[in-house]
Structure formats: structure tokens, C-alpha cells
Amino acid sequence: MLASERRTGFWMDCRVFPASGDLWWAQLGAGGGRDSGGGAGGGGAGMGQIAGGFSHESEHDLAMMVSEFLESGSSGADSRCSSDSDSGFCDLAHLADKVSYFKLATDQYERDTLSVVNSLMLSISEQDLHHGRSGSCNASCIRFSLVKLLRLSGYDAGVCSTKWPGTSKVPGGDHEYVDVVNYNHAGISERLIIDIDFRSHFEIARAVDSYDKILNLLPVVYVGSLSKLKQFLQVMVDAARSSLKQNSMPFPPWRSLAYLQAKWQSPYQRKFIPNEPSNNSPFNFEHRKCSGHLKQLHSLLQSEIEIDRLLKPVNSDNRILKLDRRRPSPLVKL
């Protein structure tokens, strides 16, 4: 999402399940968008977009949760946050350091897979998108295009769809992401999670500047294990709690760790090809929205890759080690 879009509260319909709780919050007048001036305008658009990211039952669960949340005035804490003062605010600078560390703490397989995924994402064009849903696409066509390219490259990749019921503390919902399963020499499988628009899950209303900095440190496309994903989620929950508290805003249940974890930890169905579109499918309209989303992802990815390239000298030792591993030993030739 572009910075200007975030500040005006504008979300594209085909986003990858944006943090819809804030859209409800903006519509109810309890926080607006990124600023008070743009919140009202963005809230109206957001209401129609929630239906695209959630099933009818999920939307109803979320509506009930919002109603109960507003009546109770709080959601309870599910995260223990380190404090840098008596105020109880998280040390956001410390959380930013954690995000940077988690991004660097990857093994060779994760780094190689991330490089491949980023390259394939940039290679996807508008003509590659195939709309296979009768309703809102929510970038499903982009995910299936990526899976197709990954499988052609020899990866066991699939599109995973999750759905979970609502509880007294967590609203129900559904989500879609990509995974890659790798089998080592011992026959043990290793599953990597791929989320093509990772930052969108953590965009919040009226975020403080230090929160935005943490958000922009997150990878555009997440590629990694489920255990590492949990580490990112915990940090972002702590950061969101601190940002909301600094603005005297309560912490809603759709920002909880349990809700975020449900997106990737719930039982899933795995597919390799999209469903055939129905005859009444609004292909052209959905195709235009997903084309815009794809261009946005391309722009963010290119910026991230360029920043990483400029920071390469800082990790020159790691770079040399990586190159040496790929370079054949001169002793072998002898």
C-alpha cells in the first residue's frame, strides 16, 4: 500500500485480507483512518471491502465482536509487552530491532526461496492473472499465478485456504496464502509459508510514526517457517498495542495474537489451480482491481530489493560467504 493511500484510509478491494477491524472502527467513528480528515471517506469504502475478504458468516462474527467490544470498552490483553517507562508503552525502537533481526536470521534454503519468490512475483504480468472466483478475488489470481510459476520451477507449492469459527474473544474469518513443501535427504518435510502482501495484515488506524517505521521494516512478501512467522506476529501485536495506547485508543480483538495466528495456523485446504470462473463472474472489474494490486506489489518489491542492495556492504562477510559456497573449489578442478 502506498503511503498516500494509507493516510487517506483508502484500501483496494483486492487486498490480501487487510486488517478489516480498523475499517469497522473507522466506520463507527472511533478512530477514523490514518488521520481524522480522511477517516470518514475511507470508512465508507472499507465497509464494502470487508465482504470481499471474509465470508458472510465471518463478517457477521466480526460485526458481533465489534458491538461487544464497543460495549465493554476493552478487549483484554493477550500479549506481555516489555515496558520502557511507567506508562506501560512498548519500546518501539527495541521492537524494530527485533524485526530487523528476524529478517536476517534465515537459513540458506529460506534465502534462496525468498529470492526465487521475489523474482517470480516481479515476472507476473497482468496477462498472467486468471480470475477464478464468482465473487471478489482478493488477489487469489496473483497467488495462483505465483504457484504456477513455482511448480514450473520445481517447487511443491500450493494455495492454502483457511477458515476458522468465531469465539467469545476472536472473530471468525478466512484467509488464503501460499506454501512450499520441501523434503530433505532424510525424507522429513519442511513447510515454508508465503504471504504475498505481508505488511497489509498490520496496518492500523492513526499509527504513530515509530509504528510506521516498524511496519516498513517488515518484508513485502513473507517467506519463512511458521515458527518465525509467530515471532513476527508477536512483535507486531506488541507494537500495535503501544501505538494504539499512545493515541488513547483501546486494543480491539481483531488485533490480538490469537486472531492473527488463526490466519496461518487454522486447518487449510490446498489447491494448485483456481476454480473455473462462473459465467456471471465480473471478470473485467476484478481483473482491473487485481492488476492494480499487482502493480503496487511490484513497486514495493522493487523498492525493498533496491534498499537491500544498498545495505549489502554492511553484511559483506555474509555476502562473500554466500558467493564462496557457490564458487567451485579450484582443488576440485585439479
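This is a predicted model: local features need pLDDT of at least 70, side-chain atom pairs count only at pLDDT 80 or more; totals for chains, interfaces and linings use all residues.
Visitor: What is the geometry of the aromatic pair formed by F102 and F232?
Guide: The ring centres of F102 and F232 are 5.6 Å apart, with 75° between the planes. Planes over 60 degrees apart count as one class. The pair of F102 and F232 is therefore edge-to-face.

Visitor: How many residues apart in sequence are the parts that F102 and F232 tie together?
Guide: F102 lies in helix 5, residues 92-104. F232 lies in helix 9, residues 226-246. Both F102 and F232 are buried. The parts tied together by this pair are separated in sequence by 130 residues.

Visitor: Which elements hold W164 and Y259?
Guide: W164 and Y259 form an edge-to-face pair, at 5.8 Å centre to centre and 75° between the planes. W164 and Y259 are both buried. The pair ties together parts that are 95 residues apart in sequence, because W164 lies in strand 1 (residues 156-164) and Y259 in helix 10 (residues 257-265).

Visitor: Which residues do ring pairs link into a cluster?
Guide: F102 and F232, already described as a pair, are among the members of this cluster.

Visitor: Which ring does R241 lie over?
Guide: Two arginines can be described together here. R151 lies over the face of F272, 4.0 Å from the ring centre. R241 is 4.1 Å from the centre of its ring, and that ring belongs to F251.

Visitor: Which element gives the most residues to the largest nonpolar core?
Guide: The largest nonpolar core has 33 residues, and F198, F202, Y211, I214 and L218 touch the most other members. The elements that give two or more residues to this core are helix 5, helix 8 (209-217), helix 9 and helix 10. With nine residues, the element that gives the most is helix 9.

Visitor: What is Y211 in contact with, leaving aside its neighbours within four places in sequence?
Guide: Y211 is one of the residues that touch the most other members of the largest nonpolar core. Once neighbours within four places in sequence are left aside, the contacts of Y211 are L92, F202, I204, M236, A239, A240 and S243.

Visitor: How far does helix 7 reach from its first C-alpha to its last?
Guide: Helix 7 covers residues 140-152, which is 13 residues. At 1.5 Å a residue, the expected span is 18 Å. The span in the model is close to that value, at 18 Å.

Visitor: Which residue with a positive phi follows helix 7?
Guide: Within helix 7, the buried residues include S140, C141, I142, R143 and F144. The residue in question comes after the helix, and its phi is near 95°. That residue is G154.

Visitor: Is D179 buried or exposed?
Guide: D179 meets R191 in a salt bridge of 2.7 Å, N to O. The pair ties together strand 3 (residues 189-195), where R191 lies, and strand 2 (residues 173-183), where D179 lies. R191 is partly exposed at 24% relative accessibility. D179 has 0% relative accessibility, so D179 counts as buried.

Visitor: What distance separates the C-alpha atoms of I194 and V117?
Guide: I194 is found in strand 3 and counts as buried at 0% relative accessibility. Its contacts, leaving aside neighbours within four places in sequence, include V117, L146, L150 and Y177. I194 and V117 are 77 residues apart along the chain, and their C-alpha atoms are separated by 8.6 Å.

Terms used
Residues are numbered from 1 along each chain as its sequence is written. Side-chain values use heavy atoms; hydrogens and water are left out. Rings of Phe, Tyr and Trp (its six-membered ring) pair if their centres lie within 6.5 Å; planes under 30 degrees apart count as stacked, over 60 as edge-to-face and the rest as tilted. Helices (H or I, at least four residues) and strands (E, at least two) are DSSP runs, numbered from the N terminus. Buried means under 20% relative accessible area, exposed over 50%, partly exposed in between (1.4 Å probe, protein chains only). A charge sits over a ring if NZ of Lys or CZ of Arg is within 6 Å of the ring centre and within 35 degrees of the ring normal. A nonpolar core is a set of buried Ala, Val, Leu, Ile, Met, Phe, Trp, Tyr and Cys residues joined through side-chain atoms within 4.5 Å. Contact means heavy atoms within 4.5 Å. The expected span of a helix is 1.5 Å times one less than its number of residues. A salt bridge is a side-chain nitrogen of Lys or Arg within 4 Å of a carboxyl oxygen of Asp or Glu.
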